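Hello,

Here is the structure you asked about. My notes follow below it.

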Amino acid sequence: MAHLIQSIQEMNSVSKGFQVKGYSIALVPTMGALHMGHRMLMRRGRSLADQLVVSIFLNPLQFSPSEDIDRYPSNLEKDLEICEAEGVDVVFAPKVQDVYQPDASCFVAEEGLSQFLEGRSRPTHFRGVTTIVAKLFNLVEPDVAIFGQKDYQQYCIIRRMIRDLNYPIELIMAPTVREPDGLALSSRNQYLSHEERKQATCLRTALLWVEKQVEQGNLDTAVLRQAIEEQIAQHDLVETDYIAFVNRFTLEDLVRVQPEQTLLALAAYVGRTRLIDNIIL
Ligand code: AMP
């Protein structure tokens, strides 16, 4: 039976207890509304450590006032069933008021990689992410933490935080899990209407089209970007936010695709819903 913990103190003492017994701990941080993408991270964690902790916390700090956090889907009961089915040992679901004191004034910010890609469109987002993940690392003290490739920039930033703040934690990136038609699973997909859902597949189609072009030696990123921008623009419910070809380690823009080194990342609004996806070329 997965043990539901809502108290911060209890989470920390349970983790300390695991350590005393010599158990290794894997952590999978989530915001709930769990789907197969999250489940694959859990399976990876299950295979890597003695104790698997999944956190479920809808983190207000990573949403801007214009992003409607109240609209984000949440169903703790269903999430608990999923965790149970995946053999999770501890579900850590703290309350917002316990995580953030009303007069909190210490935050964790990564100031380099956060400026690119998502950071341009969502300037306060990653400060919220690094702050909550640092708190989870401090409380759970995992040996290994698992994140998804779907949020590739987030993974890079957490990797940098682990290095720069000396967390003794191994970081694992798990591949993006997709619907049969290629759409990356996301809790936000629930917002899509039937027609939006159909048109949303154009994002994955664009990524795969570029992959093929690169295989054929077409490496000029300006040409490739314009081509997929036009392909996506043929879908009236989809509006591109950004399409970026960047070095996958530094996240800096590239004028030519460097095979194995290049991340193609995109963000688009499908109706009112903002979706992201990426591919390593
Ligand atoms: P979220 O609940 O959206 O904050 O995501 C929690 C974790 O699940 C993050 O590490 C995400 O990258 C990961 N994740 C979300 N969607 C997917 C997916 N489709 N495939 C793999 N990992 C995912």
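**Ligand site**

Helix α2 gives the largest share of the shell around the ligand, 3 residues. Helices here are DSSP runs of H or I with at least four residues, strands are runs of E with at least two, and both are numbered from the N terminus.

Before the rest, the ground rules. This is a predicted model, where local features need pLDDT of at least 70, side-chain atom pairs count only at pLDDT 80 or more, and totals for chains, interfaces and linings use all residues. Residues are numbered from 1 along each chain as its sequence is written, and side-chain values use heavy atoms, with hydrogens and water left out.

The ligand is surrounded by 17 residues. The closest are H38, G148, D151, V177 and L185. By class, the shell holds 8 nonpolar, 7 polar and 2 charged residues. Nonpolar covers Ala, Val, Leu, Ile, Met, Phe, Trp, Tyr, Cys and Pro; charged covers Asp, Glu, Lys and Arg; the others, Gly among them, are polar.

- H38: a side-chain N or O atom is 2.9 Å from an oxygen atom of the ligand.
- D151: a polar side-chain atom is 2.7 Å from an oxygen atom of the ligand.
- V177: a polar backbone atom is 2.8 Å from a nitrogen atom of the ligand.

Taken alone, the ligand exposes 480 Å², and the protein buries 94% of that. These areas come from the Shrake-Rupley method with a 1.4 Å probe; for residues, only the protein chains shown count as cover. Elements giving two or more residues to the shell are β2 (25–30), α2 (36–48) and β5 (144–148).

I146 sits in strand β5. I146 counts as buried because its relative accessibility is 0%. Buried means under 20% relative accessible area, exposed over 50%, and partly exposed in between, with a 1.4 Å probe and protein chains only. Leaving out residues up to four places away in sequence, I146 touches A26, L27, V28, P29, L41, R44, G45, I172 and A174. Contact means heavy atoms within 4.5 Å. I146 and M173 are 27 residues apart along the chain, yet their C-alpha atoms are separated by 6.0 Å.

G45 belongs to helix α2. G45 is buried too, at 0% relative accessible area. Beyond four places in sequence, G45 is in contact with A26, L52 and I146.

**Helix α3**

Which residues of α3 (76–85) are buried? They are D79, I82 and C83. They lie on the same side of α3 because they cover an arc of only 100° around the axis, taken over the directions from the helix axis to the C-beta atoms. E77, E81 and A85 are exposed on the other side. The buried residues pack against α2, β3 (51–56) and β4 (90–92). G87 follows α3 and has a positive phi, near 70°.

**Helix α1**

M11 lies in α1 (residues 8–20) and is buried at 0% relative accessibility. Its contacts beyond four places in sequence are I5, V53, V90, F92, L139 and V140. M11 and L136 are 125 residues apart in sequence and 9.7 Å apart in space, C-alpha to C-alpha.

**Loops to check**

L117 is not a glycine, but its phi is positive, near 45°. L117 is in the loop between α4 (96–99) and α5 (118–121), and is buried at 5% relative accessibility.

L251, also not a glycine, has a positive phi of about 65°. L251 is in the loop between β7 (238–247) and β8 (262–270). At 1% relative accessibility, L251 is buried.

N189 is in the loop between β6 (170–174) and α8 (194–199). N189 counts as buried at 13% relative accessibility. A polar side-chain atom of N189 lies 3.0 Å from the backbone oxygen of A184.

Best regards

How values were computed
Near = heavy atom within 4 Å. Polar contact = N/O pair within 3.5 Å; in protein donor to acceptor, adjacent residues only side chain to side chain.
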